[in-house]
Amino acid sequence: MTRFSKNFSLLLAMLFVAMTAFSQEEESKYDYNKAFGNHFYTKNATDTRSASGQPGHAYWQNSASYSLAVRLDDTAKKLTGSEIVTYTNNSPDRLDFLWMQLDQNLFEKDSRGNAIIPLRGSRNGAKGQEFDGGYDITAVKMVVGSGRKSTAVELTYRIVDTRMQIELPKGLEARGGKITLIIDYSFTSPDYGSDRMGVLATENGNLYTVAQWYPRMCVYDDVYGWNTLPYLGAGEFYLEYGDFDMAITVPASHLVVASGELQNPSEVYTKTQMERWAAASKSDSTVMIRTAEEVTDPNSRPSGSSELTWHFKMNNARDVAWASSAAFIVDASRINLPSGKKSMAISAYPIESDGQDAWGRSTEYVKGSIEHYSKMWYEYPYPAAVNVAGNFVF
């Protein structure tokens with residue numbers, strides 16, 4: 001055998017050994033029985049959740065309704081509020097305590113959210129603002145009795161980061177048990193708050209966009225029980241449905257837009273603006289409620305009071321938000337829904353955002369989008385859709 005043949009044979013032997021070793025190390029763990037065999041679903045059907053993903057015959061969902069009263073201090077950028085929460089336990093379990101979300105505690109200096117974000121240029125906090133926010137909870141009470149005989153009893157609670165556990169003197173009964181809580185609180189708004197709220201300085205005053213602004217019930221469900229993950233700034237919200245009644249007190253120079261339907265327009269708008277709202281409710285084109293030229297005109301606001309309270313209602317919703325500013329231009333038009341019902345498209349923005357290449361076409365886009373998707377997928381169920389040019393868009 002020549003030297004070349006010997007070397008070639010040795011090379012082939014080495015390659016065979018290497019390939020054999022490689023195939024042994026990388027042997028596939030694939031098991032087609034596990035991938036395609038019977039019972040490969042990870043969850044079986046239950047009484048509350050069917051295997052198809054639909055609610056089962058025994059499905060339940062708790063509810064939380066809120067009566068919210070809040071006052072805005074434009075100088076201190078502070079909100080002071082009181083809420084009445086009516087919580088209904090439709091679950092089959094008795095609840096010996098309740099959990100609530102305190103999202104504003106994200107803005108405390110020692111919060112978990114602040115511990116995991118960069119110090120500068122982040123989407124959370126105030127982009128360099130020296131700020132120590134969070135809720136100041138001054139009272140947590142339970143209403144006992146009804147009508148004139150009702151009293152409010154102080155409850156024991158403990159706050160852990162962005163969550164609050166409330167101890168109940170008696171467990172909340174299953175399948176329809178109700179409890180009414182009263183919570184008093186305040187907080188200072190960050191200038192920029194996790195893409196969802198903030199204070200934008202404009203030529204004609206501060207523009208407040210307000211979300212995550214009241215303590216909210218955590219969800220209790222049939223999968224995890226209490227859902228109490230801490231709020232870290234990113235992500236959306238898992239919330240119970242309920243009805244909302246909001247009283248928002250702001251300086252009289254301000255205009256307010258909010259989730260839901262305004263209940264007292266004659267108290268917060270001028271006669272001319274009321275006429276424009278009536279025209280907008282019948283118009284498929286955008287109608288100006290307050291123009292850019294009127295923003296600095298004192299006659300564009302009702303006179304005789306330093307503050308005004310705006311009253312909104314929103315039913316069967318998960319959450320509510322609002323915005324307030326003396327700088328607002330406001331316009332609106334009608335939304336035509338497939339069932340024949342009507343809603344309103346509303347936009348609020350400062351002079352800096354005015355123009356047909358900017359927010360001047362906002363209402364047109366809101367109207368068109370909701371009409372389109374209501375036909376394609378599911379009819380929009382609420383009386384208004386609001387778009388705001390600020391730190392937070394809702």
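Tyr208 has Ser324 as its bridge partner in strand E20. Helices (H or I, at least four residues) and strands (E, at least two) are DSSP runs, numbered from the N terminus, and two strands pair if DSSP finds at least two bridges between them. The model is predicted: local features need pLDDT of at least 70 and side-chain atom pairs count only at pLDDT 80 or more, while totals for chains, interfaces and linings use all residues. Residues are numbered from 1 along each chain as its sequence is written, and side-chain values use heavy atoms, with hydrogens and water left out.

Strand E11 (residues 205-210) pairs with E20 in the antiparallel sense over four bridges. Strand E16 (residues 255-258) also pairs with E20, antiparallel and over four bridges, and there Ala258 stands opposite Trp322. Within E20 (residues 322-325), Trp322 and Ser324 point one way and Ala323 and Ser325 the other way. These four residues are all buried, where buried means under 20% relative accessible area, exposed over 50%, and partly exposed in between (1.4 Å probe, protein chains only).

Trp322 leads on to the core. A nonpolar core is a set of buried Ala, Val, Leu, Ile, Met, Phe, Trp, Tyr and Cys residues joined through side-chain atoms within 4.5 Å. The largest one has 73 residues, and Trp322 is listed with Tyr87, Leu98, Trp213 and Trp310 as having the most contacts inside it. Trp213 touches residues including Tyr135, Phe187, Met246 and Trp322, contact meaning heavy atoms within 4.5 Å.

A separate open sheet has eight strands in the order E5-E4-E8-E2-E1-E15-E19-E17, with mixed pairing. Strand E5 (151-154) and strand E17 (261-262) stand at the edges with a single partner strand each, so one side of each is left without a neighbour in the sheet. Strand E4 (residues 136-144) runs antiparallel to E5, joined by four bridges, and Met142 has Val153 as its bridge partner in E5.

The loop between strand E14 (225-226) and strand E15 (242-251) holds Glu240. A polar atom of the Glu240 side chain lies 3.4 Å from the backbone nitrogen of Tyr220. Glu240 touches Tyr87 and Arg318, among others.

Salt bridges are found elsewhere, 11 of them in the whole structure. Asp96 pairs with Arg94 at 3.0 Å between the closest N and O atoms; Asp96 is partly exposed at 39% relative accessibility, and Arg94 is exposed at 52%. Arg276 and Glu294 meet in a salt bridge of 2.9 Å, N to O. This pair links distant parts of the chain, 18 residues apart, with Arg276 in helix H5 (residues 271-280) and Glu294 in the loop between strand E18 (287-290) and strand E19 (307-317).

Asp284 and Lys367 form another salt bridge, with the closest N and O atoms 3.0 Å apart. Asp284 lies in the loop between H5 and E18 and Lys367 in helix H6 (residues 362-376), so the pair ties together parts 83 residues apart in sequence. Asp284 is partly exposed at 42%, whereas Lys367 is buried at 9%. Salt bridges with shared partners join Asp284, Arg334, Lys367 and Glu371 into one network.

Conventions:
A polar contact is a pair of N or O atoms within 3.5 Å; within protein, one must be able to donate a hydrogen and the other to accept it, and residues adjacent in sequence count only if both atoms are side-chain atoms. A salt bridge is a side-chain nitrogen of Lys or Arg within 4 Å of a carboxyl oxygen of Asp or Glu. Lists of a residue's contacts leave out its neighbours within four places in sequence.
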